[in-house]
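Thank you all for coming. Please take a moment to look at the sequence and the structure on the screen, and then I will walk through a few parts of them.

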Amino acid sequence: MYDDVDLTDLDRFTAGFPHHVFDVLRRESAVWFHPATAYTPGGEGFWVLSRYADIIAAANDSETFSSETGGEREGGGTTLEDMPMGFAAGALLNMMDDPRHAKFRKLLTPSTTPRALRAIEEDLRIRAVDIVEAAVAKRECDFLVDVAAELPLQAVAQLAGVPQEDRHELMNWANVTLDYEDREVGEVNESVAQAQARMFSYGTALLERKRAAEPAEDLLSVITHALIDGEPLTENEQRLFLSLIIAAGSETTRNSIAIGMSALSVHPEAWERLRQDRTLLPTAIEEMLRWASSTPYNRRTATRDVELHGQHIAAGDKVSLWWASANRDERVFTDPYKFDIDRNPNPHLAFGRGVHFCLGASLARMEMRVIFDVLLDRVGTVTLTGPIEYVRSNKHAGVRHMPAAIDPR
Ligand code: HEM
């Protein structure tokens, strides 16, 4: 069935997310076993959930659908390729199950509440003005690099307590590991190995400094001083958290900003309405998040046998939850392919659902509000001057370049 569908052939993601494939799956085969192909990690097939209701049910049942592992499996995690247990699965916050996950996450929540974030909003606004003014001065720019990437990176560096002068180097390492430009899923080439090694030694030194310093409010300081059940987090957990926060914090938000802007650039009437009435911005941002779905999927592993829509999912099977497909589910969203800044309610799953719901959701929303507010104030039009270049990945709806002409207001 569906011989022509291969969700692990990354070349099929270079023109953006293949929504047409999921339209068919949602309609005909809500719980589909994707067979092994030349590209599937470990030469192993996996289950594909494409409907909103099934994805929510699985995400809300983290005992049955583990982010760590299940059955007899030796690896696990939330990507289709198995991550080694104890190194990534079971050690990265997002690839860890409760109860340890809940205890780890609780340490971080005070730093990420809307109230805590308001304290950095003014600073981000000043940074956003500089970013937009520099791009306007250029007129012809790469919207992804010059506008969309900068604010999320500066924000996450600030929140995590990474010195601002190191942020580009860190992001470059993260970019190398997130892009599959010249490799397949599960393969590590020389540039990835190098980037990982440099990130490792940078992280080790930075965390050492945080440990030696007085406790502060930044996330890295919090995790280096925190105790879970009376014990400090392992060095591996601390280092992996740094990589997670830089990658999760910068990559996803910049793609939502870029893809959101590209949608607005072809809906000048929406841009104009937003300019006239900023109270429309919150619903417009939710629509941009839905539209971009910048994390297309996360994987789980079944911990027990489950029957779903007549299909038998066995303990240990990989199960993928496609948030990007849920966000176009016609059972939930009227006219899902219409970019509608008035869409309300808009219960999209761009930030996931359940115990792993995105920790940075409030930060991402705030960054988007700030950057679009400044753009609407200072920019007349943004016109794309060439095709969007996407990263070669099924895990990140990532934009590599977005050439654009920016007219001042
Ligand atoms: C538009 C921007 C963003 C999108 C679309 C997004 C998407 C997601 C999704 C779908 C998950 C759930 C993963 C799962 O269920 O397996 C998640 C978790 C997470 N996100 Fe985000 N994210 C965004 C921004 C951020 C930012 C700015 C940060 C950092 C401050 C961040 C940090 C995290 C962390 C730490 C987790 C793991 C939470 C846990 O396991 O408890 N994200 N994100």
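Let me begin with a question: how far is an oxygen atom of the ligand from an N or O atom in the side chain of Arg300? Keeping in mind that this is a predicted model, the answer is 2.7 Å. For Arg105, too, a side-chain N or O atom is found 2.7 Å from an oxygen atom of the ligand, and for His101 a polar side-chain atom lies 2.6 Å from a ligand oxygen.

If we now step back to the whole shell, the elements that give two or more residues to it are helix H3 (100-112), H10, E9 and helix H14 (361-378). Of these, H10 gives the most, with 7 residues. There are 29 residues around the ligand, and those that come nearest are His101, Arg105, Arg300, His356 and Cys358. Sorted by class, the shell has 14 nonpolar, 13 polar and 2 charged residues.

Let me turn to the interior. As a general background, nonpolar side chains in soluble globular proteins tend to be buried together. In this model the largest nonpolar core has 91 residues, and the members that touch the most others are Phe143, Val162, Phe241, Leu264, Phe372 and Leu375. Helix H10, which spans residues 235-265, supplies the largest share of this core, namely 12 residues. Apart from this core lies another one, of 18 residues, which includes Trp47, Ile56, Ala59 and Leu321.

Why does Asn236 count as buried? Its relative accessibility is 16%, and buried means under 20%, so Asn236 falls on the buried side of that cut-off. Leaving out residues up to four places away in sequence, Asn236 touches Gly86, Phe87 and Ala91.

Finally, let us look at a sheet, which is open and is formed by 5 strands in the order E1-E2-E12-E9-E3, with mixed pairing. Its edge strands, each pairing on one side only, are strand E1 (31-34) and strand E3 (65-66). E3 pairs with strand E9, residues 298-302, in the antiparallel sense over 2 bridges, and there Ser66 stands opposite Thr301 in E9. As we have seen, E9 is also among the elements that give two or more residues to the shell around the ligand.

Key. Residues are numbered from 1 along each chain as its sequence is written. This is a predicted model: local features need pLDDT of at least 70, side-chain atom pairs count only at pLDDT 80 or more; totals for chains, interfaces and linings use all residues. Side-chain values use heavy atoms; hydrogens and water are left out. A nonpolar core is a set of buried Ala, Val, Leu, Ile, Met, Phe, Trp, Tyr and Cys residues joined through side-chain atoms within 4.5 Å. Buried means under 20% relative accessible area, exposed over 50%, partly exposed in between (1.4 Å probe, protein chains only). Helices (H or I, at least four residues) and strands (E, at least two) are DSSP runs, numbered from the N terminus. Two strands pair if DSSP finds at least two bridges between them. Contact means heavy atoms within 4.5 Å. A residue is near a molecule or strand if one of its heavy atoms lies within 4 Å of it. A polar contact is a pair of N or O atoms within 3.5 Å; within protein, one must be able to donate a hydrogen and the other to accept it, and residues adjacent in sequence count only if both atoms are side-chain atoms. Ala, Val, Leu, Ile, Met, Phe, Trp, Tyr, Cys and Pro count as nonpolar, Asp, Glu, Lys and Arg as charged, and the others, Gly among them, as polar.
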